[in-house]
Amino acid sequence: MIGGGRIGEALIAGLVEAGFAPKDLVVAEKSPTRAAEIAKEFGVATRSIADSVEGADVIVVAVKPSDVDAVVTQIAAGEIDGEQEQIIVSLAAGIPTSRFEPKLPAGMAVVRVMPNTPMLVGEAMSVMSPGRHARPEHLDVVRKILGTVGKVAEVPESQIDAVTAVSGSGPAYFFLVAEAMIDAAVGLGLTRATATELVNQTMTGAAAMLDRSGETPTELRAAVTSPGGTTAAAVSELERNGLRAAFLDALDAAKKRSVDLGRAHE
Ligand SMILES: NC(=O)C1=CN([C@@H]2O[C@H](COP(=O)(O)OP(=O)(O)OC[C@H]3O[C@@H](n4cnc5c(N)ncnc54)[C@H](OP(=O)(O)O)[C@@H]3O)[C@@H](O)[C@H]2O)C=CC1
Ligand SMILES: O=C(O)[C@@H]1CCC=N1
């Protein structure tokens, strides 16, 4: 694991929780303090990038998009070999597999993945796209690793910037809605503690219904919306204030930003 930040740590935590032996996991992290924290928390070894990649079956790149090029250069300078069937898994938003491949030994498999932070509670939505040399058996390995921390899907790489806008950034939209509801509830006179409890449990319950009821969001919303009732009054205000248009623009902006992140660090 190269980069022991929020996402790198979440994946390490998920793998350890799922029964991967800490001795089989190695973290290369720039900040010595952060590296020490992760080693202590999970019992994994921390090493330099060069020492981490040698003999690794899977090399996960979990650094910011702007740090990817420097990291790939260091990986390529290490003892790696396409023939060893090593797999590079990039979690970086926006950076295409074609940016990795020319710098690596010929034929080395690269898989681009967009995870999300619910990985921390074993509920990630991770979406993978194979690079030029990634074969089904490589994807099976990556699916097994990501499957320890949530659900896994596959799309062609042409769709992964859109995926980034939906499930990669998606948890933030959800938390923003929660924040907005809490503030509005305080505006109605509830205490912040009560507002937070009500909103958090409402969101948790609604998410569980999405997961378990087998009904679509449209059906679930209709079941809450009594004719001429309170929900209809609220939903009509949300529509009047352009909720759908705001999401159309927001996801479009996120997708464009993902494409730009790839270009910005060329
Ligand atoms: N956060 C999210 O919800 C999601 C993030 N991603 C992607 O995951 C990647 C990581 O994101 P996130 O975990 O949030 O970012 P963080 O900044 O929390 O983590 C990145 C870590 O990598 C370290 N790092 C930087 N350069 C090196 C290096 N050369 N060697 C070793 N470690 C290094 C950073 O140290 P320092 O800070 O000191 O530079 C930092 O600790 C990003 O590319 C992002 O696009 C994907 C999906 C969701
Ligand atoms: O905001 C970002 O760029 C990263 C990628 C998806 C979620 N967080």
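Trainee: In strand 6, what is the bridge partner of Met114?

Mentor: It's Val127. Before we go on, this is a predicted model, where local features need pLDDT of at least 70, side-chain atom pairs count only at pLDDT 80 or more, and totals for chains, interfaces and linings use all residues. Residues are numbered from 1 along each chain as its sequence is written, while chains are lettered from A and ligands numbered from 1 in the order in which they are written.

Trainee: Got it. In which sense do strand 5 and strand 6 pair?

Mentor: Two strands pair if DSSP finds at least two bridges between them. The strands themselves are DSSP runs of E with at least two residues, and helices are runs of H or I with at least four, both numbered from the N terminus. Here strand 5 and strand 6 run antiparallel, with four bridges.

Trainee: And strand 4 with strand 5, parallel or antiparallel?

Mentor: Parallel: strand 4 and strand 5 (residues 109–114) share four bridges.

Trainee: How many residues of strand 5 are buried?

Mentor: Burial is a neighbour count: 20 or more other C-beta atoms within 10 Å make a residue buried, 12 or fewer make it exposed, and anything in between is partly exposed, with C-beta atoms placed from the backbone. Six of the six residues in strand 5 pass as buried, so the strand is largely enclosed by the rest of the structure.

Trainee: Which helix is hardly covered?

Mentor: Helix 10 (residues 230–240), where the count of buried residues among its 11 residues is zero. Just past the end of helix 10, Gly242 has a positive phi of about 85°. In helix 11 (residues 243–264) you'll find Arg257, which is partly exposed because 16 other C-beta atoms lie within 10 Å of its own. Compare Thr33 in helix 2 (residues 32–42): Thr33 is exposed because its count within 10 Å is 8 other C-beta atoms.

Trainee: Where are the domains in the protein chain?

Mentor: The bounds come from an automatic or database domain assignment. Domain 1 covers 6–160 and domain 2 covers 170–262. Eight residues from domain 1 and six residues from domain 2 take part in the contact, where contact means C-beta atoms, placed from the backbone, within 7 Å. On the domain 1 side there are five nonpolar, three polar and no charged residues. The classes work like this: Ala, Val, Leu, Ile, Met, Phe, Trp, Tyr, Cys and Pro are nonpolar, Asp, Glu, Lys and Arg are charged, and the others, Gly among them, are polar. The C-alpha centres of the two domains are 32 Å apart.

Trainee: Of the residues around ligand 1, which come nearest?

Mentor: A residue is near a molecule if its C-beta atom, placed from the backbone, lies within 6 Å of it. Around ligand 1 there are 28 residues, and Gly3, Gly5, Ile7, Ala92 and Ala93 come nearest. Helix 1 (6–17) and helix 4 (68–77) are the elements that give two or more residues to this shell, and helix 1 gives the most, with three. By class the shell has 14 nonpolar, eight polar and six charged residues.

Trainee: What surrounds ligand 2?

Mentor: Ala93, Thr164, Gly168 and Ser169. The ligand 2 shell has one nonpolar, three polar and no charged residues.

Definitions and conventions: Two residues are in contact if their C-beta atoms, placed from the backbone, lie within 7 Å.
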